[in-house]
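This briefing goes through one model by topic: strand pairing, individual residues and confidence. The terms are given with their cut-offs where they come up.

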Amino acid sequence: MKVKILLIIICLITVECCLAQNPRQYKSWNPATDTLKVLEGQYWPFEVKDYYDRLPAAAEHIVRKEVWNLSKNSAGLQLRFQTNASEIVVKYIVSGTLQFPHMPATGVSGIDLYAKTIDGERAWSAGRYSFGDTIIYRFNNLTVTDRHVNNREYILYLPLYNSVKWMEITVPKLSLFKTIPARKDRLWYNHSGDAPGRFGMDKYLTRN
């Protein structure tokens, strides 16, 4: 009996040592430091004050304060990338309140991840999340439901009612990962769906 217990202890120690010497490795992508323009939904992408803003810095002194504050929210902003990873982890920090009295944190500060299926349709990816100083979304077993697509395209929708200060997307190191440049026809819009010109700023601000 003692010999069996001793053998079990030795096996457990060996396994623990192997795991410690060979930890699973990951690689991360910070959209704000990418050399490509990858953030979609900005009308003036090269004139913003902060990377995830929706209005250019010059608009702060043109529009009403309420409009400027709303433009700091990332509603309508999105990122696209391709990967064959079975696991995607999204970490980010926001500057505002995580939730409202009438709306949970998932609605105010949460994200949505959609995968492009073999039929070209968008399939919502369910993830586990935790809200704190750093918000973390974990999407696991992503390749199980669509094995026919090796390097799937994903679109990540940013929080509706909060301002993103920092974001990082992580996948296993051996996975394929490719960023997709922003499409030029995906322009900024406000919460009511109005085009930027409705604010009358076109004559004051230049567009890229």
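Two strands count as paired if DSSP finds at least two bridges between them. Strands (E, at least two residues) and helices (H or I, at least four) are DSSP runs, numbered from the N terminus. The model is predicted, so local features need pLDDT of at least 70 and side-chain atom pairs count only at pLDDT 80 or more, while totals for chains, interfaces and linings use all residues. Residues are numbered from 1 along each chain as its sequence is written, and side-chain values use heavy atoms, with hydrogens and water left out.

- Strand β4 (residues 112-116) pairs with strand β5 (residues 122-125) in the antiparallel sense, over 4 bridges.
- Alanine 115 has alanine 123 in β5 as its bridge partner.
- The two strands β4 and β5 make a hairpin with 5 residues between them, and glycine 120 in the turn has a positive phi of about 85°.

**The open sheet**

- An open sheet is formed by 5 strands in the order β1-β9-β3-β7-β6, with antiparallel pairing.
- The edges are β1 (26-29) and β6; each has a single partner strand, so one side of each is left without a neighbour in the sheet.
- On average, neighbouring strands of this sheet are turned by 20° against each other, direction ignored; the axes behind such angles are lines fitted to C-alpha atoms.

**Strand β7 and its partners**

- Of the 5 residues in strand β7 (residues 135-139), 4 are buried, and the strand is mostly covered. Buried means under 20% relative accessible area, exposed over 50%, and partly exposed in between (1.4 Å probe, protein chains only).
- Strand β3 (residues 88-94) runs antiparallel to β7 and is joined to β7 by 5 bridges; tyrosine 92 stands opposite isoleucine 135 in β7.
- Strand β6 (residues 128-130) is also antiparallel to β7, with 3 bridges.
- Tyrosine 129 has tyrosine 137 in β7 as its bridge partner, and serine 130 has isoleucine 136.
- A hairpin with 4 residues between its strands is formed by β6 and β7.

**Individual residues**

- Arginine 152 lies in strand β8 (residues 152-157) and counts as buried because its relative accessibility is 5%.
- The side chains of arginine 152 and tyrosine 154 are joined by a polar contact of 2.8 Å. A polar contact is a pair of N or O atoms within 3.5 Å; within protein, one must be able to donate a hydrogen and the other to accept it, and residues adjacent in sequence count only if both atoms are side-chain atoms.
- Alanine 58 sits in the loop between β1 and α2 (65-71) and is partly exposed, at a relative accessible area of 40%.
- From alanine 58 to valine 48 the C-alpha to C-alpha distance is 8.2 Å, with the two 10 residues apart in sequence.

**Confidence**

- The protein chain has a mean pLDDT of 81, and 74% of its residues reach 70 or more; pLDDT is the predictor's confidence in each residue, from 0 to 100.
- Among the elements of the chain, β3 has the highest mean pLDDT (98) and helix α1 (residues 2-21) the lowest (49).
- The pLDDT is below 50 over residues 188-201, a stretch with 30 contacts in the model beyond near neighbours in sequence. Contact means heavy atoms within 4.5 Å.
- Residues 203-208 also stay under 50 in pLDDT, and the model has 15 contacts for them beyond four places in sequence.

Notes:
Axes fitted to C-alpha atoms, helices over the stretch in contact; angles between N-to-C directions.
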